[in-house]
Amino acid sequence: MSGSAEPIAITEGVFRDGPVPTLIGGRERETGRVVFPCPVDTDRWDPVDLPRRGTLWSWTVQRFRPKTPPYIGPEEFEPFALGYVELSGATIVESRLVNVAFDSLSIGMPVELVVIPFIRDSRGRDVRIFGFAPVAEQQNA
């Protein structure tokens, strides 16, 4: 997607976009428990950057277009993988799984956070969402 305006996140306060995207979780002050996304109760929760890498905990494939509302995705529906990603030492996050063939998905697969285009809004801005993609193999230099 290439809109004329600056791209925007699908919602505020869930992730930071940029060369190194980050999910924004919340740490409960009293217990240290980490959740995603960060709750808005600033008296109880502190925002924290979550690990960018994790492992695929469970997954499925969405093969039909969900009801609208609440689904706001493209009219032309393409099946997509959806999974739970365990971010070690933090929490488990539900996310799209991208840049991977459905039959290549496996529990325990290492994945990393990416930000991807989703739709274009009525003002011509590209709306972006987060997802997880398989960790690219490191090239020996």
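**View 1. Tyr 84 is partly exposed in this predicted model, with a relative accessible area of 37%.** Here "partly exposed" lies between buried (under 20% relative accessible area) and exposed (over 50%), with a 1.4 Å probe and protein chains only. Trp 57 is also partly exposed, at 47%. As this is a predicted model, local features need pLDDT of at least 70 and side-chain atom pairs count only at pLDDT 80 or more, while totals for chains, interfaces and linings use all residues. Side-chain values use heavy atoms, leaving out hydrogens and water, and residues are numbered from 1 along each chain as its sequence is written.

**View 2. The structure holds four aromatic pairs.** Trp 57 and Tyr 84 make an edge-to-face pair, because their ring centres are 6.1 Å apart and their planes stand at 90°. Rings of Phe, Tyr and Trp (its six-membered ring) pair if their centres lie within 6.5 Å; planes under 30 degrees apart are stacked, over 60 edge-to-face, and the rest tilted. Trp 57 sits in strand S6 (residues 53-62) and Tyr 84 in strand S7 (residues 80-87), 27 residues apart. Strands are DSSP runs of E, at least two residues, numbered from the N terminus.

**View 3. Phe 77 and Phe 80 form an edge-to-face aromatic pair.** Their centres are 5.9 Å apart, with 65° between the planes. Phe 80 is buried, with a relative accessible area of 12%.

**View 4. Phe 15, Phe 36 and Phe 130 come together in one aromatic cluster.**

How values were computed. Helix = DSSP H or I, 4+ residues; strand = E, 2+ residues; numbered from the N terminus.
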